[in-house]
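The stops below go from charged side chains to a nonpolar core and then to a group of strands.

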Amino acid sequence: MSTEPNGSTVAWGAAGVPLLVALVQTLLALFGYSTSSAGLEPVADPILSVPVLFQAAVVFKDSSALVMALFLLIVAAWAAQGVAMLLFDHREAAYGTATLSAVLFFALFFGVYAPLLSRDVPALQLAGFFAVPVVAAALQLYAVRSYRWNDVVLEETSGELGRLKTELDDLRSTFEAGYESRFDGLDDLETVAPEGTKAVREGAASFRDRLDDVEADIAECQRLTDGEEARTRRAAIEERLESLSAERRLDELDEEFARRLTSGLRTEFGKTTVRSRYGDEYSLVNLPTRFREVSLPNRDGGVHIDHVADELVALADESDTYAEVAAAVDAVDQHRSDLRTYVDEHESAVADAVERAEQQASTAESQVDSLDVPFADRVADVFVDGRDADAGGVRSVRTGVEEAKEALHDCRFEEAEDRAEEAATLAARLVSAVEFVGSLRASIDNRHESVSVPSGVADEYVETLLPAIQAGYDDVSVTYDDAARALRFDYPAASASTPTRSTDSDAGSGDAADDADSARSTDSSSSSSSSASASPSTSSTPGSSPSSRERVPPPEEVVDEVLYALRDFQRDVDDDGDVVQYNVEALPESVATRPVLVNLERFASRQSDLFDAVDLQSPEPPGFIEFTTADGVSASRALERTHQRFREKYT
């Protein structure tokens, strides 16, 4: 129902004016009143001064009561039309009452006032008077026809809503097509501009939500039964829809993303840097050309890796979509990945050698600190501080390592690897030399005539240490036979009756050997006949008594010799099988002794995770020691771990 003034209600009201005048006349006539008796002279006199209206009043007064009743019916039909329109929104009732009122008024008017045609009334006034029923009837019918009936309004609104739904679908299609076109490749740029990508996605989602809200309002409006409310809601929906622009929203998202992408490209690709595992940057300018320049899709020539950001920003400004930028970024990422792979491969080779060098240098340094020889200070000078120009020490190893790292970061990879390998080799030689030096005390204490110098010990170390060894033992003369690679010992202070040995295979500790020598000297002077008649199997050959064979010194007394033996085994290891056998005779004389080998065999046997069995077939040369490694453990790994554990436990 509409309560707002409009053309239909005004027309209906105007049509009722003459009807209400007729109603007043009818009521006055029915109840026997005149204008004077009713007190209407001030209103009636100006009206009756018009000739046609005066004559009409006279004619109406002479009419019958039936005519007057019909005039009442006409007014009632007019009023019913208003009720049907304004209160009940009933179009059929309004049409019926309007037609009845118009027809009756038209017919009755001409029937009642026909005598006026014969009266002396101006023609113009007469024509105007008889036009009243025509105009009144036309106004009544117009009012019904032009009235905004609810079903009509709903029908019109439904049509408008359909149009708005079509516009909404077009708007959505335009936005989605534009989004796909403009932001093609957006996902591939997320790592470069994560915040920009997020803003675009959220902005697009927000716009889609607004479209969804409009669509929901259209659906709700289509379910309304009140035409006026539906019309009001439809107008609001249309206004909201007009405020939405796909192109404008895409431009806003594009502008925001372009700004963030530019920032991301300059941040990510402003400068290409690669750091090593040591924390320093590589001088990429020294790399081959194929790594210093990158080829971008749809771009001629190579772009220097330090100018990639400018090229990508220019590409982003020129391209209609971001797919080309994403392809270029992917090409740069692949190039940088290839560059890092190339650098990492060379770095790994250098790092392996550097790690070996540093570990061996630390091992040599700790072994020097634990040496128990009279010339330990000189050993530290040579092996740690490297104060002898001909013999490199731990300091030389670490200098070589630093030079290797410097060459590595300068992208001089071959030189870096050579320097690192040289440092690792020097460190390994140091460890062998220190272990050999640690075994000399036992050889000298046991009065060995000579000691073979292992192949891993360089001549310069031996020659450098000769004066120190000589100074450490006043009663020993030491010389180096470089042809035989052996140290020769002369003990001028020893008694002529004291036997000397060229091997320490049956020796226990140094003190035990001295006690045995003293005992044998006493036996020789007191009972020479017994000594002379003794059979070879019961003679007093050093180390042949049962007591000396049974006694084995603790591991702490032969640490250096055991470490040396394990190190020597590692040099000749073969990982092809799980059983490894070594000839004891291949070890230096000071190491190939029963105390050393028995302690080694006992300790290794306890490493059940490394060895299934350790078998010392004979502790004296030419015996063998055999290692059977555990499943899945290589011989080199097993010996290396055994060496490490023995050193950690006893040093």
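How many salt bridges does the count come to? In this predicted model, the count comes to 36 salt bridges.

**Stop 1: helix α7 and its charged partners**

Select Arg 163 and Glu 238, which form a salt bridge with the closest N and O atoms 3.1 Å apart. Arg 163 sits in helix α7 (residues 150-182) and Glu 238 in helix α9 (residues 227-243), so this pair ties together parts 75 residues apart in sequence. Arg 163 is partly exposed, at 29% relative accessible area.

Next, select Arg 182 and Asp 251. Their salt bridge has its closest N and O atoms 2.7 Å apart. Asp 251 belongs to helix α10 (residues 246-269) and Arg 182 to helix α7, so the pair ties together parts that are 69 residues apart in sequence.

**Stop 2**

Select Glu 190 and Arg 201, whose side chains meet in a salt bridge at 3.3 Å, N to O. Glu 190 is in the loop between α7 and α8 (194-222), and Arg 201 is in helix α8, eleven residues apart. Glu 190 is partly exposed, with a relative accessible area of 35%, and Arg 201 is also partly exposed, at 31%.

Then select Lys 165, Asp 169, Arg 172, Asp 212 and Glu 215 together: salt bridges with shared partners join these residues into one network.

**Stop 3: the nonpolar cores**

Which residues have the most contacts inside the largest nonpolar core? Select Phe 383, Val 397, Tyr 461, Leu 487, Phe 489 and Phe 627; the core they belong to has 96 residues. Helix α16 (residues 413-445) gives the most to this core, with 15 residues. Apart from this core lies another, of 44 residues, including Leu 189, Ala 204, Tyr 322 and Val 325. As background, nonpolar side chains tend to be buried together in soluble globular proteins.

Keep Phe 627 selected and show its surroundings. Leaving out residues up to four places away in sequence, Phe 627 touches several residues, among them Phe 569, Val 580, Tyr 582, Leu 600, Phe 611, Val 614 and Leu 639.

**Stop 4: strand β8 and its neighbours**

Show strands β6, β7 and β8 as a cartoon. Strand β6 (residues 579-583) pairs with β8 in the antiparallel sense over five bridges, and Phe 624 in β8 is the bridge partner of Asn 583. Strand β7 (residues 611-616) also pairs with β8 in the antiparallel sense, over five bridges. Here Val 614 stands opposite Phe 627 in β8.

Move along to Thr 629, in strand β8 (residues 624-629). Is Thr 629 buried or exposed? Thr 629 is buried, with a relative accessible area of 2%. Its side chain reaches the backbone oxygen of Val 633 at 3.3 Å. Beyond four places in sequence, Thr 629 touches Asp 578, Leu 610, Phe 611, Asp 612, Ser 634, Ala 635 and Ala 638.

**Stop 5: helix α23**

Finish by selecting helix α23 (residues 635-650). This helix has 16 residues and reaches 22 Å from its first C-alpha to its last, close to the 22 Å expected at 1.5 Å a residue. Which residues of α23 are buried? Ala 635, Ala 638, Leu 639, Thr 642, His 643, Arg 645, Phe 646, Arg 647 and Tyr 650 are. In an α-helix with 3.6 residues a turn, residues three or four places apart point the same way.

Terms used. Residues numbered from 1 in each chain as written. Predicted model: local features only at pLDDT ≥ 70, side-chain atom pairs only at ≥ 80, totals over all residues. Heavy atoms only, no water. Salt bridge = Lys/Arg side-chain N within 4 Å of Asp/Glu carboxyl O. Helix = DSSP H or I, 4+ residues; strand = E, 2+ residues; numbered from the N terminus. Buried < 20%, exposed > 50% of the residue type's maximum accessible area, 1.4 Å probe, protein only. Core = buried A, V, L, I, M, F, W, Y, C linked by side-chain atoms within 4.5 Å. Contact = heavy atoms within 4.5 Å. Polar contact = N/O pair within 3.5 Å; in protein donor to acceptor, adjacent residues only side chain to side chain. Expected span 1.5 Å × (residues − 1). Pairing = 2+ DSSP bridges.
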